[in-house]
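Please consult the structure as you read.

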Amino acid sequence: MKTTIHLNQDKLQELGSRLPVPKYNRSATNIGIVHIGVGGFQRAHQAYYLHQLRQLGEASEWGICGIGLRESDTKLSDILKAQDHLYTLMVKHPDGKIESEIMGSIVDFKMGTTDPEPVISRMAHKDTRIVSLTITEGGYNFNPTTGEFNFDNPDIQHELRHPQDPITVYGFLTAALKRRRDAALPAFTVLSCDNIEHNGDMTRKMLLAFAEVQDPDLAKWIAQEVCFPNSMVDRITPVTVKADIDSLAQSYGVDDAWPVTCEPFIQWVIEDKFSNGRPAFEKVGVQFVPDVGPYEKMKLRLLNAGHSVLGLLGAIHGHPTINACIEDKVFKRYLRTFLDTEATPILGNIEGIDLMDYKDSLLTRFANPNIKDSVSRICSESSAKLPKFLIATIHENLAIGGSIKLATLVIAAWCYYSDKEVDQNGQPLEIIDAMQGKLHDAAKETANNMLAFVQLESLFGGLAKNERFTKVYCAMLQQLYEAGDIKKMMHSMI
Ligand code: CS2
């Protein structure tokens with residue numbers, strides 16, 4: 001039995017005999033990247049790539065400072081502080097093998113909730129050259145149907161009136177960029193790493209909409225000086241559970257309060273448009289391309305949509321994880337049929353990519369039995385995800401006369417899920433959604449008005465007015481509410 005060692009900088013050498021640790025000098029690091037929204041995904045993805053680069057002896061000017069803008073980030077902030085911002089990445093292979101390695105690329109963390117100043121000055125610091133974001137699909141503050149900035153948000157209203165007291169990412173970005181402009185420092189790049197089509201373009205549009213109202217001169221400067229590369233990010237990163245912490249302690253005697261688990265697959269495709277330089281990410285496998293559009297669309301409409309299809313249908317049926325769904329032949333076939341007949345036809349050709357291979361690899365990734373990615377993680381914040389992942393595909397198929405039925409069942413299932421809040425065995429569902437109350441009320445209203453749920457225009461646009469859609473949808477909803485057997489319905493459709 002190994003003695004347990006609490007993970008921190010002083011213990012790295014000792015831990016190095018047990019598992020791979022950073023070989024680079026972490027104290028000789030300049031902070032070049034400020035990252036807003038540190039979570040499992042960023043720690044398994046961007047921070048991993050940077051760690052790899054630093055292991056090659058490069059990028060000492062590209063240390064990462066994490067930023068938390070929500071109260072709920074305090075826990076991670078405290079844990080990282082106590083571990084000198086070190087953490088373990090546990091890569092879980094399908095054969096049961098877990099490769100664990102300690103990551104050192106994050107070197108600082110600041111919270112912006114009580115006092116914004118340390119965050120603004122870090123972002124405005126001369127060494128900061130990139131501000132990257134994983135603030136989730138819901139964090140961009142746009143109306144999913146119109147794609148316009150939501151000025152009704154009270155936090156945004158506050159920031160417009162009090163630019164020196166930012167709350168959201170927009171307030172912090174403008175405060176820091178203003179300081180840089182006034183100090184004649186070059187702008188930083190704003191790099192979105194969220195699952196949104198044209199994530200860079202969208203961030204630019206939102207930030208400029210906000211800045212135009214707050215300070216039109218600054219907006220002009222941002223428009224000229226700040227680059228917003230689009231990027232496609234990919235690595236399945238399940239929620240860390242206690243068993244992961246325990247297994248790390250058992251296997252290596254490492255006491256890490258919040259390790260990150262992920263699949264072996266990793267991909268990052270970025271447009272090479274940076275305001276003030278970038279790390280040599282290509283040395284560790286990041287792809288730079290002139291137009292990320294087709295890659296983003298492929299990933300969102302196949303991988304993320306595929307997750308949502310399994311997640312919502314699986315949740316109602318009572319499957320706990322994505323791999324459990326794939327082990328169920330009906331679910332697996334349903335997913336493949338959806339991908340082939342509804343999602344693929346609208347993608348067209350993507351140069352250099354064989355979509356058949358891509359879909360085969362998705363099914364293999366989803367099947368990884370060691371990952372145990374919970375359907376509750378996939379279903380969380382469906383109101384922010386589904387418009388981008390799935391509803392867009394329904395709209396596009398309606399426009400070209402394509403098939404919509406498999407995706408429509410998922411929408412009917414989402415209504416049922418939001419209404420009942422239990423699965424078909426009567427077990428409570430863990431529902432996490434900023435719109436949960438609204439979704440529940442609209443879904444309940446189905447008893448009087450079958451279209452009530454899809455009449456939520458901010459999510460579905462004009463879908464409730466499309467006769468072809470409503471016919472299929474109402475028939476499915478009726479069957480689901482009457483017979484209540486989602487798997488039977490799925491089976492009859494494939
Ligand atoms: C998932 C994603 O949130 C979701 O619903 O589809 O988190 C997915 O695992 C990642 O985008 C994979 O790169």
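In strand β5, Glu101 is the bridge partner of Leu89. The model is a predicted one, in which local features need pLDDT of at least 70 and side-chain atom pairs count only at pLDDT 80 or more, while totals for chains, interfaces and linings use all residues. Residues are numbered from 1 along each chain as its sequence is written.

Strands β4 and β5 run antiparallel and are joined by 6 bridges; pairing requires at least two DSSP bridges between two strands. They belong to an open sheet of 3 strands, ordered β5-β4-β11, with mixed pairing. Both β5 and β11 are edge strands, each pairing on one side only. On average, neighbouring strands of this sheet are turned by 20° against each other, direction ignored. Helix α10 packs on the sheet and touches β4, β5 and β11 (contact: C-beta atoms, placed from the backbone, within 7 Å). The direction of α10 makes about 95° with that of β4; axes are lines fitted to C-alpha atoms, for helices over the stretch in contact, and angles run from 0 to 180 degrees between N-to-C directions. Helices (H or I, at least four residues) and strands (E, at least two) are DSSP runs, numbered from the N terminus.

| Element | Residues |
|---|---|
| β4 | 87-92 |
| β5 | 98-103 |
| α10 | 242-252 |
| β11 | 260-262 |

Around the ligand are Asn195, Asp234, Arg235, Ile236, Asn304, His307, Ile378 and Lys385, each with its C-beta atom, placed from the backbone, within 6 Å of the ligand. This shell draws at least three residues from each of domain 1 (5-289) and domain 2 (293-493), with bounds from an automatic or database domain assignment.

Key:
Contact = placed C-beta atoms within 7 Å.
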